[in-house]
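Dear colleague,

Please find below the structure that I am handing over to you. My notes on it follow directly after.

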Amino acid sequence: GIALAILGALAAKRPALALWAPLMPLYYLMGPIAAYKALYELLYDPFFWDKTCHGVHPPDKDAQAHRSPRPVAVSDQAAASTPPQKTSGSNGA
């Protein structure tokens, strides 16, 4: 495994990658750990979103000026209970 990775890096004329080859068992160990973590979250907290925090910075003082108005959502129940409106200009014929 490791020797083959070193030979492959050297054959590809990328000897710097050969230095990382001894860490490959650690890399392969992280895959099952991530899979078990995902399975645990799926079973015990299915609506949890383990999001990565990008670009941590202080809040923008002028954030309201950059924010667009939020669209108003109509609930499915309200939409289902409202009868359809007739349009003018058409008598249905």
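**Findings**

The accessible surface of the protein chain amounts to about 9,400 Å², and carbon and sulfur atoms account for 65% of it. Please note that this is a predicted model. Of the 93 residues in the protein chain, 4% are buried. The chain contains five helices and zero strands, so that its elements, read from the N terminus, follow the order α-α-α-α-α.

On the surface there is a nonpolar patch formed by L17, L19, W20, L23, L26, L29 and I33. Together these residues have about 780 Å² of accessible area. Helix α3 makes the largest contribution to the patch, with three residues. One of the patch residues, L29, lies in helix α3.

P25 is also located in helix α3, which spans residues 24-44. The C-alpha atom of P25 is 8.9 Å from that of G1, although the two residues are 24 positions apart along the chain.

K13 sits in the loop that links α1 (2-11) and α2 (15-18). Its relative accessibility is 74%, which is over 50%, and K13 is therefore classed as exposed.

With kind regards

Technical notes: Residues are numbered from 1 along each chain as its sequence is written. This is a predicted model: local features need pLDDT of at least 70, side-chain atom pairs count only at pLDDT 80 or more; totals for chains, interfaces and linings use all residues. Side-chain values use heavy atoms; hydrogens and water are left out. Helices (H or I, at least four residues) and strands (E, at least two) are DSSP runs, numbered from the N terminus. Buried means under 20% relative accessible area, exposed over 50%, partly exposed in between (1.4 Å probe, protein chains only). Patches are made of residues with over 30% relative accessible area and no salt bridge: like charges are joined within 9 Å, nonpolar side chains (Val, Leu, Ile, Met, Phe, Trp, Tyr) within 5 Å. Accessible areas come from the Shrake-Rupley method with a 1.4 Å probe; for residues, only the protein chains shown count as cover. A salt bridge is a side-chain nitrogen of Lys or Arg within 4 Å of a carboxyl oxygen of Asp or Glu.
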